[in-house]
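Visitor: I would like to learn how to read aromatic contacts in a model.
Guide: Here is the entry to work from.

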Amino acid sequence: MNHSTKRILSLITSAALFITLFTGCSSSASENDNPLVSLDSSEMFAEIVDSEIVEADPETMFEDTTEAESGEVFSDEDYEVGYDEESSDTITLSGTSASSSSSSVTISGTTVTITDAGTYIVSGTLDDGMIIVSADSKDDIQIVLNGVSITSKTSAAIYVLNADKVYITTASGTSNTLANGGSYVAIDENSIDAVIYSKDDLTLNGSGTLTITATAGHGIVSKDDLVITSGTYKITAASHGLSGKDCVKIAGGTFTITAGKDGIHSENTDDTSLGYVYITDGTFDITASDEGISASNNVTIKDGDITISSVDDGIQSDLATIITDSTIDITSEGHGLSAYESVRIADGTITIVSGKDGSHAERSSDSAIGFVYISGGTLKISADDDGISAATYVTIEGGNITIDAGLDSSNTSLKGIKAVSSVKVTSGTLTIDSADDAIHSDASVTISGGTFTIDATDDGIHADTTLQITSLSSAKINAGGHGLSAGESVRIAKGSFTITSTKDGIHAEDSEDTSIGFVYISGGTFDITAGGDGIRAAA
């Protein structure tokens, strides 16, 4: 990113001050002259703790707290795509009529009703009709789609009214089509609003293809669990593509989803422990007019290949967005990754192009909640606003992170990494190009490892209180403001620093009280070219 304000750097070299400090040089004299410094050298690099913020335990950071982790996530039956043709009942659809080999199937015109447990192989076409499951609440039913085309002009193509669990299996090598004609007319007290609508647990699997067109309403809805373990799905929906009230759990499959609202959606306002999305595998191509993936509880992605184009956030959770592995490519007009409580990334390859923040953690009703934790993976962000933003803290303990932030200069915040309480980096490779500060905390920044390449229109690394660097491999900083900056103190113990800055190379001064601010250096190698002072302390 070439910000025009950065070009100033090329104009100030004639006035630049060049300072080199070698390892072991200290500022003990200035420390003794500073009456504000009460710390001795042994306390200078003590851990900085915000007593008002309780940080999550790294040991449990990637343990999903939803019901999915407390029990059996996927049953053997969820994966089972086989069936015995000889013992199965058949249903044949014939345009404006239907027939069946089973006494457990009743037919009225083009409405086919399954009333008992068993496996039903369905084939043929219904021009305007539907399949209804109305069985005992203890019955498990498997519906095998074996080359099926069903259009219901005014309702669901498949409606599960009552059962224990229903499995919809696409037969190997078959193409199946289900569609709604553009409206839903009530047939009972339930508000049917999807091409496949289930009141009970619903599993989809198979080795065939299922194409769903919802001219009105949603693609697939379960008012209980929605589980998908295999199959190919092409879904076009006026509202949500996939929706499960209690959860959406996906263990595999190939999905192409175009949705007028969310691509994948789970929301439960009755039980806050439910309403989660849990993905362990699959290939997804999601185009959404709202959010790509959304949940009122956690969104957990353990593996998969996911491409999202969304008008709002790419992936959004009202609790935590947790990514432990996967390949994710997000283009969003909102935030790329968003969560009220936390965004947590352990591994994977994630590419984000966002109209707001690349990764955003904040509860709008409580700005004291929201953190970002990254322990690994490859993360590439191009954001109109901040690259990574958190209402409390950002912790980075590994990974290869590239951020291009502040692409829209009309926005109010254009920082690479921004946090309110703290930014902590213990390891990783960070390459940041920002139209404001590259790394910014309203309180402290603590660095104990990592490699940094920074190009910032304002400060390279800024902390409103303390910037503490105990160690790092290297930091190459090109800053339109100060290179390293803090309101109270800059403390450096070890590292290799190359700083080119329009203002001071290292700067410690409180913006409200210019008598506060000290610099303490006990080690490191410094190469500073500064338009202002090389090292400047207010006190």
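Predicted model: local features only at pLDDT ≥ 70, side-chain atom pairs only at ≥ 80, totals over all residues.

Guide: Residues are numbered from 1 along each chain as its sequence is written, and side-chain values use heavy atoms, leaving out hydrogens and water.

Visitor: How many aromatic pairs does a search of the whole structure find?
Guide: Rings of Phe, Tyr and Trp (its six-membered ring) pair if their centres lie within 6.5 Å; planes under 30 degrees apart are stacked, over 60 edge-to-face, and the rest tilted. The search finds 9 such pairs. In one of them, Tyr159 and Tyr197 have ring centres 6.0 Å apart and planes at 50°, so the pair is tilted.

Visitor: Which strands hold Tyr159 and Tyr197?
Guide: Strands are DSSP runs of E, at least two residues, numbered from the N terminus. Tyr159 lies in β9 and Tyr197 in β12, so their pair ties together parts 38 residues apart in sequence.

Visitor: Is Tyr159 buried or exposed?
Guide: Buried means under 20% relative accessible area, exposed over 50%, partly exposed in between (1.4 Å probe, protein chains only). Tyr159 is buried at 1%, and Tyr197 is buried at 3%.

Visitor: Why does the pair of Phe371 and Tyr393 count as stacked?
Guide: Their planes are at 5° with centres 4.8 Å apart, so the pair is stacked.

Visitor: What sits over the ring of Phe74?
Guide: A charge sits over a ring if NZ of Lys or CZ of Arg is within 6 Å of the ring centre and within 35 degrees of the ring normal. Here the charged end of Lys249 is 5.9 Å from the ring centre of Phe74. Phe74 also belongs to a cluster with Tyr79 and Tyr278, linked by ring pairs.

Technical notes:
Helix = DSSP H or I, 4+ residues; strand = E, 2+ residues; numbered from the N terminus.
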